[in-house]
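Student: Could we go through this structure together? I would like to begin with a single residue and then turn to the whole chain.
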Amino acid sequence: MSDLDEASLARWMARAVPDFQGLGRIGKFPGGQSNPTYRIEAGERTYVLRRQPFGDLLPSAHAVDREYRLISALHPAGFPVPRPVALCEDRNVAGALFYMMEMVDGRSIWNGALPEIGKGERRAFYEAMIDALARLHSLDHEKIGLGGFGRAGNYFERQVGRWTKQYRAAQTDHIPEMEKLIEWLPRTVPRQTRNSIIHGDFRIDNLIFAKDRPKVLAVIDWELATIGDPLADFAYLAMNWIMPADGRSWLGGLDLEGEGLMTLDQAMDRYCDAAGCGPLPDLSWHFAYNLFRMAGILQGVKKRMADGNASSSDAEVMVAKIEPLASEAWRRACMARALDPTVSS
């Protein structure tokens with residue numbers, strides 16, 4: 001049973017979707033802490049629908065119209081994203097803003113340790129993922145029509161301010177480490193040297209691979225995308241190597257070489273070669289920021305859960321991670337202070 005109005009959706013698809021063949025089955029994908037996502041079958045074609053959550057929304061969050069604009073620019077540029085189909089801004093159709101794209105038939109990987117893939121093939125999947133990220137960061141966003149997609153200025157400065165506001169808007173508890181980070185991060189923002197499209201949530205379970213080889217067919221879930229410092233994306237990806245293995249994307253504590261997986265140093269070298277950039281700096285500040293942001297995102301989930309609007313069934317498990325993430329973020333901040341006295345004021 002779907003929480004979408006199927007009759008209303010069918011009428012909209014008849015107007016908006018080329019060669020519409022009639023609405024078939026609708027299924028909701030698991031996960032989707034933020035924007036609920038559905039599989040839509042229509043004759044011989046299958047689509048994916050991404051909509052905003054129902055209920056009151058935090059400012060600037062759940063901007064599915066921005067996602068649609070982005071993939072509409074990336075797809076004709078040859079970057080691997082699903083083909084966009086249509087955007088619906090009429091909330092009467094499905095109760096919220098949504099867009100539709102073609103479904104990419106491929107392989108989703110949920111566990112970053114790649115247990116279902118032979119050890120001799122695992123590194124190639126990480127190479128393909130890192131190459132896709134470097135390719136994204138090498139695109140000229142002005143030339144593909146995304147010149148106004150992000151604001152000018154220091155990306156991290158803007159993002160610290162944004163996530164502080166989002167956290168405050170959703171705050172339910174006093175977490176001392178979050179208060180320390182809110183005071184420390186904006187005073188210690190690193191200088192930005194590059195500018196590009198950034199995904200904002202680039203990890204292995206947001207990629208669709210070919211079923212039979214390590215090729216990225218599509219990068220999905222662009223809700224947090226903007227124009228900014230590409231180091232934000234790489235540092236977020238690098239988090240997988242420092243956080244304890246959890247059966248998802250995190251790898252910390254695993255025998256990486258014994259398991260046929262890349263080390264963080266190898267990943268950094270691969271990215272720099274593919275992106276054509278110089279050596280990356282120590283990432284302690286960036287880890288602190290990303291952990292702070294993750295805690296802020298989950299605080300939004302906690303607020304929606306309290307309001308009865310959480311999308312995913314495992315929301316309660318996720319929000320239990322807020323305080324541990326905040327604690328680890330502050331630990332990384334202390335590491336940054338120890339490594340570089342210029343950020344310890």
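Student: Leaving aside neighbours within four places in sequence, which residues is Thr226 in contact with?
Tutor: This is a predicted model. In it, beyond those sequence neighbours, Thr226 contacts Arg66, Phe149, Gly150, Tyr155, Arg158, Ser196, Ile197 and Ile198.

Student: And is Thr226 buried or exposed?
Tutor: Thr226 has a relative accessible area of 9%. Buried means under 20%, so Thr226 counts as buried.

Student: Which strand is Thr226 found in?
Tutor: Thr226 belongs to strand 10, which covers residues 226–228.

Student: Turning to the whole protein, how many helices and strands are there?
Tutor: The protein has 11 helices and 10 strands.

Student: What radius of gyration does the protein have, and what would a compact globule have?
Tutor: The protein has 20 Å; a compact globule with 345 residues would have a value near 20 Å, so the two agree. Along the principal axes, the C-alpha atoms fill a box of roughly 60 × 45 × 40 Å.

Student: What percentage of the residues is buried?
Tutor: Of the 345 residues, 52% are buried. As for contacts with a separation of 6 or more, 70% are between residues 24 or more positions apart.

Student: What about the accessible surface?
Tutor: The accessible surface is about 15,300 Å², and carbon and sulfur atoms contribute 49% of that.

Student: Last topic, charges: how many positive and negative side chains are there?
Tutor: There are 41 positive and 45 negative side chains, with the centres of the two sets 2 Å apart.

Conventions: Residues numbered from 1 in each chain as written. Predicted model: local features only at pLDDT ≥ 70, side-chain atom pairs only at ≥ 80, totals over all residues. Heavy atoms only, no water. Helix = DSSP H or I, 4+ residues; strand = E, 2+ residues; numbered from the N terminus. Buried < 20%, exposed > 50% of the residue type's maximum accessible area, 1.4 Å probe, protein only. Contact = heavy atoms within 4.5 Å. Rg over C-alpha atoms; globule rule 2.2 N^0.38 Å. Areas by Shrake-Rupley, 256 points an atom, 1.4 Å probe, with all protein chains shown as cover. Lys, Arg positive; Asp, Glu negative; His and termini not counted. Charge placed at Lys NZ, Arg CZ, Asp CG, Glu CD.
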